[in-house]
Structures are given as C-alpha cells and as structure tokens.
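Open the structure in your viewer and keep the selection tool at hand. This tour goes stop by stop.

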Amino acid sequence: MTTTATTPVVSAPAAQARPLPRTRRRTLAPGKRLPASRLIGPGLVLALWAAASAAGQLDPAAIPAPWTVLRTAGHLWSDGTLSTDVLTSLERAGCGFALGLTAGVVLALAAGLSRVGEALIDGTVQLNRAIPTLGLIPLFILWLGIGETFKIAIIAIVVYIPIYLNLHAALSGIDHRFVELAEVQGLSRVRFVRQIVIPGALPGFFVGLRLGVTGSWLSLVVLEQINATSGLGYLMFQAQNYGRTDIILVGLLIYGVFGLVSDSAVRIVERRVLSWRRTLSN
C-alpha cells in the first residue's frame, strides 16, 4: 500500500497576513539634536582645566584654577568694579552694533536691489573690507577725538562689513526664475520685496548677523584699552600691569559668555523666523 504525502494548503488570507521582513532605511542626516549641545564643548574644556589644576599640572601664576577665577570674580562684583565695567562694555557694544546693523542692512539693500546702488556702494565697501579696521584707529582718533565716539564708530565698522557682505550675497543669489515668476504674476515692487526678496535673503542675513555680533565683542576688547577708564578691556589692561592673571581670565570668560549667549540668541531667532526651511540643522 502506498502513501502519498499531501502538501498543506495555505489559504490566501493567511499568506497575506504573514509579515514581510522590514528593511531598515539608511539615513544620511546627522540625527536628532543633542540637548544643550553647544554647552558640551565648553563644559569639557572647563572640566579639563579643573582636573589639570587639581592635579598640579598648571602653574597657578600663569593659569589660575577655575575656583580661583570664580572667587576673584565674586570679589570684583561685590565691590562694584565688575558690574560697572560690564555695563560700560555692554553699552559700547550695543551702540556700535546697532549702528553697524543699520548701516549694513541699508547699504546691502541699496546695492542688492539697484544696479546704480551696487555701482556706488559695493566697490567702496570691498575697499573698506580690505583695510584692517583696527588700523583706522589713529585716523578716527584724529577725526572724532579720543573719547567714546571713535570706539563706537570702529565697532560699527566691524559689525556692518559682515552683515553687508552676507546680505548682499544672499540678495544677488536669489534665483532669477523667482523674479520671472513675480513678473508673470504681476507683483508690485513692494510685494516682490516682501514675498520673494526678504525670505530669500534672510538665511544670508542671519549668517552676517552672527558674525557681526561676534565682531562687536572682538573689537571691544582692543578699543577699551585706549584711553578708557572703565570696561572689561580696561580692567584686563590694568590687571596686566599688576600681573593679575586671574582678573585677565575673568574678563576673557565674561567676553566668551557674552559672545556665546548673543550668538545663541541669534540662532534661536533664526530658527523661529526660518522655521519653514528643512535643513540638516533641524
């Protein structure tokens, strides 16, 4: 007697219900943003500084320990010296930055939206960019005196150049097809600027804004050592004469914190204003 093996018949619904193997799609994006990612690097540097100081690897006279710098900052703040210098530096940087921001935006718009404006402005700005800004200090002292005016003017020049360059480049880089589309749609000049020019130029503007914010702090530390009676740069210059490296580090750390906070503020505004963009950063 012969037996025949029967193959079990699988119903169609059962075959369809069987899960298919999932293929994992490879992603090329950087991934999710780490929480407080911008503080990890400075925190690591601070930890290494503290560890090296605790192990006796750093000369306290050359590089004091972090706790020594914090104690010095507390003493300067309690006697009112540090608070006065910080407010003075903030006022100088704020005035120079406001002037530089206004000049950079106005000149970039005039040069980027008009051929006549570009012919009159762009070459002059490029020439100014090629001249070392700090080299203009003696000339500005002769023109404006040795008081506060020349310091604010130098800061404004340092700020307006990167803002102008990046905003002008963004305006010049707007795709001409958008211009043709606006002409076909019959947009007015005002609507063209509001709906096409401004959104297209904002990314470049924020890059220049970040560079301008940083430049205001970089120039301030030099300017406050010239005929100044207050300010963080003046505080550091006086500490140099007495060999107080702890006070110099206090000033440098405050400059660094101001630069990091101001740059982070610009980044936050940029992410909110340009939330419609899909980029690697978001």
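This is a predicted model: local features need pLDDT of at least 70, side-chain atom pairs count only at pLDDT 80 or more; totals for chains, interfaces and linings use all residues.

Residues are numbered from 1 along each chain as its sequence is written, and side-chain values use heavy atoms, with hydrogens and water left out.

**Stop 1: the core.** Select Leu82 and Ile154. In the largest nonpolar core, which has 57 residues, these two touch the most other members. (Such a core is a set of buried Ala, Val, Leu, Ile, Met, Phe, Trp, Tyr and Cys residues joined through side-chain atoms within 4.5 Å; buried means under 20% relative accessible area, exposed over 50%, partly exposed in between, with a 1.4 Å probe and protein chains only.) Now show helix α7 (residues 148–172): it supplies the largest share of this core, 14 residues. Helices are DSSP runs of H or I, at least four residues, numbered from the N terminus.

**Stop 2: around Leu82.** Beyond neighbours within four places in sequence, Leu82 has contacts (heavy atoms within 4.5 Å) that include Trp77, Leu232 and Ile254.

**Stop 3: aromatic pairs.** There are four. Ring centres of Phe, Tyr and Trp (its six-membered ring) must lie within 6.5 Å; planes under 30 degrees apart are stacked, over 60 edge-to-face, the rest tilted. Select Phe140 and Trp143: tilted, 5.6 Å centre to centre, 45 degrees between the planes. Both lie in helix α6 (residues 137–144). Phe140 is buried at 12%; Trp143 is exposed at 59%.

Next, select Trp217 and Phe258: also a tilted pair, 5.1 Å and 35 degrees. Trp217 lies in helix α9 and Phe258 in helix α11, so the pair ties together parts 41 residues apart in sequence.

Key: Helices (H or I, at least four residues) and strands (E, at least two) are DSSP runs, numbered from the N terminus.
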